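Me: I would like to learn how to read the main features of a model like this one. Could we take them one at a time?

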Amino acid sequence: MLKKSNEDTDAGYKRKRLRTVAMTALPVLYLALGIAGYYGIMTATGSTGASHGKKPSSAAKHSRAKGPMRPRYGRGSLPKGKGGRHKQPVVEARTIQLAAYQPRLNLYGQVIASHRVALHIPVSGRLVHVSPMLREGARVKDGELLAAVDEFPYRAALEEAQASLSEEQAKLKEIHAQIALEQNGLKQARRQLDLARSEHEHIQKLFDQGNVSQKMVDDAVLLISQRELAVQQRQSNTEIIDARLKQQKAVEKRQTWTVKKAQRALEDSRLISPFNGRVLAVNAETGQYATSSDKLATVVSDGHLEVRFTLSEDQYGDLLATGAAITGLPVRVTWRSGQTRLPFPGKVIRVAP
């Protein structure tokens, strides 16, 4: 019984000792494992002390990080230098500076012509001339004759209007001559009236002296009345001719505008290209009767092109956030035609809603 008790005592003492050793060694073991794992990871990513001239251990060379901390590239993917050793990555440091952020947007748009005109001939008539350049896709120049209608009725109307204007101008000259004649007659009538009044004064003095009769005085007064009536008649004729002159000037002005309209109609019988461009949608042939409502062709300007594109609200807000004006911002246009790319510089000229 005593021997068994001693054995139990020795067994309990050994278990207690092992527990004490285990409790002391486990923290050290955990710390060693943590250091070894960290060292392995840093060795695999090239961040160990080897960059400072220390040679990594063989355990660190063959370590592998597992789990979420595993390096992106394995040892075999790292670049190698002389002697087959792996190169350490070079880290470049840069200083962060504050600057304005200018967003760049890649957008798709539509190329359109800034000038596009549907050509109508302002007058009606039979087309007697159609230019060979008035064809689909042809390029025309500013001021080039494209088509013409029969000008005979418009030239006849112009000559008739010019003849009527010449007639009215002749009447106007006649009225001016009458006015000049009446003005001269009025001057003569006033001069004769002055003479009659002087003669009356002289006769009146003689009558007061008893040298002449009463009849001579009465004849002098009658002559003054006749001369005054002649002056009044001349004045009335002058006023009447002045009124006729104003009427004739109005007639001449109206006829002058008739001539201008006839000249304009004659000019409108010829269809002229308004600018340099290319012809589209031709509907004109020699002998065809054309009216002012008929569209004979369309000309688009190829010298000034625009690109129309649409921004989303977010993109437009990003541009506004820069604080700069949107109008005037630089634009680089790349026009893709099959396998060909044509670059063009440009700028924003307007913003539509």
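Reply: We can start with the core. A nonpolar core is a set of buried Ala, Val, Leu, Ile, Met, Phe, Trp, Tyr and Cys residues joined through side-chain atoms within 4.5 Å. Buried here means under 20% relative accessible area. The model is predicted, and its largest nonpolar core has 26 residues.

Me: Which residues have the most contacts inside the largest core?

Reply: Leu127 and Leu134 have the most contacts within that core. Two or more of its residues come from each of strand 3 (125-130), strand 5 (145-149), helix 3 (152-209), helix 4 (214-268) and strand 9 (295-300). Leaving aside residues up to four places away in sequence, Leu134 touches Leu146, Val279, Val282, Ala284 and Ala297. There is also a second, separate core of six residues, with Leu186, Ala189, Leu193 and Ala196 among them.

Me: What does the protein chain as a whole come to in helices and strands?

Reply: Its secondary structure comes to five helices and twelve strands. Of the 353 residues in the protein chain, 22% are buried. The chain exposes about 26,800 Å², and 54% of that is supplied by carbon and sulfur atoms. For contacts between residues at least 6 apart in sequence, 69% join residues at least 24 apart.

Me: How should I read a sheet? In what order do the four strands of the open sheet stand?

Reply: The general idea is that strands of a sheet pair through backbone hydrogen bonds, either parallel or antiparallel. In this structure four strands form an open sheet in the order 6-5-3-8, with antiparallel pairing. Strand 6 (270-272) and strand 8 are at the edges with a single partner strand each, so one side of each has no neighbour in the sheet.

Me: How many bridges join strand 3 to strand 5, and how many join strand 3 to strand 8?

Reply: Three bridges join strand 3 to strand 5, and the two run antiparallel. Within this pairing, Val130 stands opposite Ala147, and the bridge partner of His129 is Ala148. Two bridges join strand 3 to strand 8 (residues 289-290), again antiparallel. There, Arg126 stands opposite Tyr289.

Me: Now the surface. Which residues form the nonpolar patch?

Reply: The patch consists of Val111, Leu305, Val307, Phe309, Trp335, Leu342 and Phe344, which together have about 560 Å² of accessible area. Strand 10 (305-309) and strand 12 (340-347) each supply at least two of its residues. The largest share, three residues, comes from strand 10.

Me: Why do Val111 and Phe344 count as partly exposed?

Reply: The class covers relative accessible area between the cut-offs for buried, under 20%, and exposed, over 50%. Val111, in strand 1 (residues 109-113), counts as partly exposed because its relative accessibility is 33%. Phe344 is in strand 12 and also counts as partly exposed, because its value is 38%.

Me: What does Phe344 touch, beyond residues up to four places away in sequence?

Reply: Its contacts are Val331, Arg332, Val333 and Trp335. Trp335 also belongs to the nonpolar patch. Val333 is eleven residues from Phe344 along the chain, and their C-alpha atoms are separated by 5.1 Å.

Technical notes: Residues are numbered from 1 along each chain as its sequence is written. This is a predicted model: local features need pLDDT of at least 70, side-chain atom pairs count only at pLDDT 80 or more; totals for chains, interfaces and linings use all residues. Side-chain values use heavy atoms; hydrogens and water are left out. Patches are made of residues with over 30% relative accessible area and no salt bridge: like charges are joined within 9 Å, nonpolar side chains (Val, Leu, Ile, Met, Phe, Trp, Tyr) within 5 Å. Accessible areas come from the Shrake-Rupley method with a 1.4 Å probe; for residues, only the protein chains shown count as cover. A salt bridge is a side-chain nitrogen of Lys or Arg within 4 Å of a carboxyl oxygen of Asp or Glu. Buried means under 20% relative accessible area, exposed over 50%, partly exposed in between (1.4 Å probe, protein chains only). Contact means heavy atoms within 4.5 Å. Two strands pair if DSSP finds at least two bridges between them.
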